[in-house]
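Work through the exercises below with the sequence and the structure side by side, and try each task before you read its solution.

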Amino acid sequence: MTQRSQSQEDFSKARNKALFNELQHFLNPEETQLLSLEDVKKMLKPTGEVYQGMRTVPVDLIVGSEGRYHDFDNHFFPKNNHLQQRWENIDRAHLENVILPPINLYELGGLYFVRDGNHRVSVAKAQGIADLDAEVVSLQSEIKLKPGSTPTQMIRQVIQYEKRVFYGETHFGDITDDWNLDFTATGQYDVIFHHLLIHKYYINQNIEEEISMPDAIVSWYTNVYLPVIQVIKQQKIIRKFKGRTPADMYVWLIKYWDELKQRFGNDYSLQVAAQSFTKEYGTGFFKRVLRKFRSFLKKIFS
């Protein structure tokens, strides 16, 4: 077999693996997506960047891309046939022992994301190459992600970090005896902290002596959070949002209610807003399956 035909076969195998990966995760297509650097930056919120220079990087720690995350799956197998020529050229270079330039990577949370060299990473993964030479820029973050984590697992890791910080800075659990303020999306503890500050501000408008933060937390929890949670439970909203938590629903419902009050006036009731929110955004099991099936077909035939 010539090296040209070998590279063609190698691409075909890699492409078929990407297709099989999609079929295996038909109901959870997000598990096959290559990580977007921008999405992970939004989660981890790096505070700066440091040039690390040249280093040898384990291929298994390269988990995402800055700009080509739609072209490869989470194993860096090619998802599109338009990648074939470039991919095969890189593969032939590997077969002929041609030394290629180092790739360019960002390091974030202990993992690596491709700035330049996506095809070389894809070929390396397909050929079982353990390490690649790379020029690395490190994005600074206190959060460290676990290698091999799925996007969903990474989100959970970030949420747990955010929860530790929130509870540590506010002593929320000690003040309210509620250690179950849990979310399924990142950034929500910042939203709650913002709600606490706003609540504290408005209380202080009507009193001479400024209320303390612990007292503001108790007031917000008793007079704002728990009444909204009570409406969520009464209307059984959580049933229409599988996998979400009451705290998730609180944040989304409050935002939705505020939007309705801006449109229709401050007399718009929370109960009516909750019914409208559930009707507009809630889904049952069969609707979720149908939505995923349509999305899958769109990817296959587009």
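## Exercise 1: a strand and its partners

Six bridges join strand E4 (residues 103-108) to strand E6 (residues 131-139), and the two run parallel. The model is a predicted one, in which local features need pLDDT of at least 70 and side-chain atom pairs count only at pLDDT 80 or more, while totals for chains, interfaces and linings use all residues. Residues are numbered from 1 along each chain as its sequence is written, and side-chain values use heavy atoms, with hydrogens and water left out.

**Solution.** Begin with the terms: strands (E, at least two residues) and helices (H or I, at least four) are DSSP runs numbered from the N terminus, and two strands pair if DSSP finds at least two bridges between them. Finally, look at the connection: E4 and E5 form a hairpin with two residues between them, and glycine 109 in the turn has a positive phi of about 65 degrees.

## Exercise 2: the two faces of E4

**Task.** Decide which residues of E4 point one way and which the other way.

**Solution.** In a regular strand the side chains alternate between the two faces of the sheet. In E4, Ile103, Leu105 and Glu107 point one way, whereas Asn104, Tyr106 and Leu108 point the other way. All of them are buried, where buried means under 20% relative accessible area, exposed over 50%, and partly exposed in between (1.4 Å probe, protein chains only).

## Exercise 3: a residue in a loop

**Task.** Is phenylalanine 183 buried or exposed, and which residues is phenylalanine 183 in contact with?

**Solution.** First locate phenylalanine 183 in the loop between helix H6 (172-176) and helix H7 (188-204). Its relative accessible area is 6%, so phenylalanine 183 is buried. Next, take contact to mean heavy atoms within 4.5 Å. Leaving aside neighbours within four places in sequence, phenylalanine 183 is in contact with Ile159, Gln188, Tyr189, Ile192, Thr245, Ala247, Asp248 and Val251.
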